[in-house]
Amino acid sequence: MSDPSDDPLGASEGTSNAAQHPRIASGAVRFRHVLRATLERVRSDRVLLILLIAFVVLQIAKPVSVGELFARIDQHTILTLAGLLMLTRAIDQSGFLDWLAQRLLRAFRTERRLALLMVTFAAALSTLLTNDVALFAVVPLAQSLARIAPVRIERLIIFLALAVNAGSSLTPLGNPQNLFLWQHSGMGFGAYVVMMTPVTLGLMAVLLIVCAFAFDSRALHFQRRGPAHDVRWPLLWIALALFVAFVAMADHGFAAWACAGVAVVLLIARRNAVLGIDWLLLAIFVLMFVVLRGVAGLPDVRTALGHFDFTGNAMAYGGAAVLSQIISNVPAAILLAEYTQNWPALAHGVAVGGFGLAVGSLANLIALRMAKSQKIWWHFHYLSIPFYLVALLIGFVALKWV
């Protein structure tokens, strides 16, 4: 009987297998590491855990098919969010935001002036690019500022979230609920802006006053300076060109093609801009659509709402503002539109409803997730709930002027 060790072919195969085993083992180790890290992030993310529990409870109470679950997901919003996550990560990795942050700090030497500038800029941007797109531009910029100067970043991000909610209430393009109500009301673009001007001005006035008191006039000193040549200009120009094309295509209903195009180009130009995005944030938004629309569609919920007369200003406004705190302002607008055509009251109610609890607006969740801090969730509510109570009064008074 021959010894297998004398077989050159066997030796060759054994060597080949031995060479492959380290690669297989290394791949398995990497997979386990990624899986463990993902599970740890899921376990530490309270919003995601709450949504997962709510999803399980809804499926037990009223099971629905996989097809119906997919039908609840607003694919346009999810694809738009995915594209924006990739683009903003690419812009951040280009180093441009650090470069811009240094110049802003030279022009606005105090924390108060810088905060007022950022809040005003975020609100203005949200009137045209929607509140979530505005956040994807201003939050990374604020984080870049915090890397080179002692800016109180958590507080600034909270004000930026409030700012985009306030500013986006002005135009039909500012947020999804405005776009929905504008299309269903039959109002002209200018008429809608005129209708929402008083409440927007009122919200912004209060926000800027609070912001001025929240940040002091202490001078900001650089902790470090980054040279201008640190900017990866080719990556920046690619990301900006993609950003313009992406927003245009998404606004015309081609979010899927736009997202796919961004992914392909960035995989070639900067692979980590695609692979390194916050995938759990996308999961949270998917679950929000599934869970919140599931709650809104429950027969008991619809029956309960059917007992109220939402045709009057007070009931339509109050219902939209309160319901937004439970299922977010976009589903609230969609749901209440089946019970009333009092468009001014609904528009004012969901605008105010974006404040208060974080779930009141999807923009809140985006901003708080981008902050990557557990404490910011509590700090946000310390400010947003009192602001919500003041906003309720502002919105009610402004509604009387319409």
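Before the first number, a word on surface: accessible areas here come from the Shrake-Rupley method with a 1.4 Å probe. On that basis, the protein chain exposes about 19,500 Å², and carbon and sulfur atoms supply 68% of it. Keep in mind that you're looking at a predicted model.

Zooming out to the fold, the protein chain has 20 helices and 0 strands. Of its 402 residues, 47% count as buried. Among the contacts with a separation of 6 or more, 80% are accounted for by residues 24 or more positions apart.

Residues 380–399 are 100% helix and 0% strand, with the end C-alpha atoms 27 Å apart. Residues 274–295 come to 86% helix and 0% strand, and there the end C-alpha atoms lie 33 Å apart.

Now pick out helix 5, residues 96–107. Its 12 residues reach 17 Å from first C-alpha to last, close to the 16 Å expected at 1.5 Å a residue. Which residues of helix 5 are buried? They are Phe96, Leu97, Asp98, Ala101, Gln102, Leu104 and Leu105. An α-helix has 3.6 residues a turn, so residues three or four places apart point the same way. The cover over the buried residues of helix 5 includes helix 4 (75–93), helix 6 (111–129), helix 7 (131–148) and helix 11 (233–251).

Step back to the loop between helix 4 and helix 5, and you'll find Ser94. Ser94 counts as buried because its relative accessible area is 0%, and the cut-off for buried is under 20%. What does Ser94 touch, leaving aside residues up to four places away in sequence? The answer is Asp230, Val231, Arg232, Leu235 and Leu236.

Helix 8 (153–168) is another one to look at. It has 16 residues and reaches 22 Å from its first C-alpha to its last, close to the expected 22 Å. Helix 8 is mostly covered, with 13 of its 16 residues buried.

Follow the chain into the loop between helix 8 and helix 9 (176–185), which is the place of Leu173. Together with Leu128, Leu179 and Phe189, Leu173 makes a nonpolar surface patch of about 350 Å².

Ser328 is found in the loop between helix 16 (313–327) and helix 17 (329–336), while Lys372 lies in the loop between helix 19 (362–371) and helix 20 (375–399). Are they buried or exposed? Ser328 counts as buried, because its relative accessibility is 0%. Lys372, by contrast, is exposed, because its relative accessible area is 72%.

Note on methods. Residues numbered from 1 in each chain as written. Predicted model: local features only at pLDDT ≥ 70, side-chain atom pairs only at ≥ 80, totals over all residues. Heavy atoms only, no water. Patch = residues over 30% accessible without salt bridge, like charges linked within 9 Å, V, L, I, M, F, W, Y side chains within 5 Å. Salt bridge = Lys/Arg side-chain N within 4 Å of Asp/Glu carboxyl O. Helix = DSSP H or I, 4+ residues; strand = E, 2+ residues; numbered from the N terminus. Buried < 20%, exposed > 50% of the residue type's maximum accessible area, 1.4 Å probe, protein only. Contact = heavy atoms within 4.5 Å. Expected span 1.5 Å × (residues − 1).
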